[in-house]
Amino acid sequence: MHHALYTFYNIIHIGKVPLAIAVVKNLNGEKLFISPFSQILFESYKNDVLAFLSSRKGLLDAMVLSGGEPLMQPEFVMELAKLLPDIHKAIQTSGYAKPEIYRQVISHFDYGMQDIKLVDRDAHKKYTGVYNDWILENIAYLKQSGKPY
């Protein structure tokens, strides 16, 4: 496991449909932006979010994408990560995605955080409604990827 000294702020919160930016701060703790976008549908303001973050190049030190679930919007997540090549990027995810999608998305990030609800396959299905096969495969991939986690 690799350790890095970064202060992360929850910049993007991605849910199934809505996406809301909480507070964007730099490492000095200065608030750069507070979202007026909560409860607006993702596609309605995707371009505005991308334009805003693009305009802040050089002001952001790091970003963390979390959820909801970032893997529910893989194209947007990858587009956003590519837009900000000069800052440290982390993703927090449940890992519930097809492994090929997970690998594509995680390749755009410097740091991966993945939670795991239950290891037992049947218990996971009982309590979450889905089997954990993809989740376990994806966390195994993250562990061997060489990325800090």
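These legends describe close-up views of one predicted model.

The model is predicted: local features need pLDDT of at least 70, side-chain atom pairs count only at pLDDT 80 or more, and totals for chains, interfaces and linings use all residues. Residues are numbered from 1 along each chain as its sequence is written, and side-chain values use heavy atoms, with hydrogens and water left out.

View 1. Helices (H or I, at least four residues) and strands (E, at least two) are DSSP runs, numbered from the N terminus. Along the sequence the order is β-β-β-β-α-β-α-β-α-β-α-α. The chain has 149 residues, and 41% of them count as buried. Buried means under 20% relative accessible area, exposed over 50%, and partly exposed in between (1.4 Å probe, protein chains only). The chain exposes about 8100 Å². Carbon and sulfur atoms supply 53% of that area. Accessible areas come from the Shrake-Rupley method with a 1.4 Å probe; for residues, only the protein chains shown count as cover. Contact means heavy atoms within 4.5 Å. Among contacts between residues at least 6 apart in sequence, 58% join residues at least 24 apart.

**View 2. Strands β5 and β6 pair in the parallel sense.** Strand β5 spans residues 62-67, and strand β6 spans residues 88-93. Their pairing runs over 4 bridges. Two strands pair if DSSP finds at least two bridges between them. Val 64 stands opposite Ala 90 in β6. Leu 65 stands opposite Ile 91 in β6. In β5, 5 of the 6 residues are buried, and the strand is mostly covered. Strand β6 is largely enclosed by the rest of the structure, because 5 of its 6 residues are buried. In a regular strand the side chains alternate between the two faces of the sheet.

**View 3. Leu 65 in strand β5.** Leu 65 has 0% relative accessibility, so it counts as buried. Phe 109 is 44 residues away from Leu 65 in sequence. In space, the two are 9.7 Å apart, C-alpha to C-alpha.

**View 4. Lys 89 in strand β6.** Lys 89 is buried, because its relative accessible area is 6%. Leaving aside neighbours within four places in sequence, Lys 89 is in contact with Met 63, Ala 81, Leu 84, His 108, Phe 109, Asp 110 and Tyr 111. Among these, Asp 110 lies 21 residues from Lys 89 along the chain. The C-alpha atoms of Lys 89 and Asp 110 are separated by 5.4 Å.

**View 5. Ser 94 in the loop between β6 and α3.** Ser 94 counts as buried because its relative accessibility is 18%. Not counting residues up to four places away in sequence, Ser 94 touches Glu 69, Gln 114, Asp 115 and Ile 135. Ser 66 is 28 residues from Ser 94 along the chain, and their C-alpha atoms are separated by 9.4 Å.

**View 6. The crossing of helices α3 and α5.** Helix α3 covers residues 99-106, and helix α5 covers residues 133-144. Their axes come within 10 Å and cross at roughly 35°. Axes are lines fitted to C-alpha atoms, for helices over the stretch in contact, and angles run from 0 to 180 degrees between N-to-C directions. The crossing is right-handed. A crossing is left-handed if the near helix is turned anticlockwise from the far one by less than a right angle, and right-handed if clockwise. From α3, Pro 99, Tyr 102, Arg 103 and Ile 106 meet Trp 134, Glu 137, Asn 138, Tyr 141 and Leu 142 of α5. By class, this contact has 6 nonpolar, 1 polar and 2 charged residues. Ala, Val, Leu, Ile, Met, Phe, Trp, Tyr, Cys and Pro count as nonpolar, Asp, Glu, Lys and Arg as charged, and the others, Gly among them, as polar.

**View 7. Asn 138 in helix α5.** Asn 138 counts as buried because its relative accessibility is 0%. Not counting residues up to four places away in sequence, Asn 138 touches Gly 95, Ala 97, Pro 99, Tyr 102 and Gln 114.

**View 8. Ser 107 in the loop between α3 and β7.** Strand β7 covers residues 111-114. Ser 107 counts as partly exposed because its relative accessibility is 46%. Met 78 is 29 residues from Ser 107 in sequence and 8.9 Å from Ser 107 in space, C-alpha to C-alpha.
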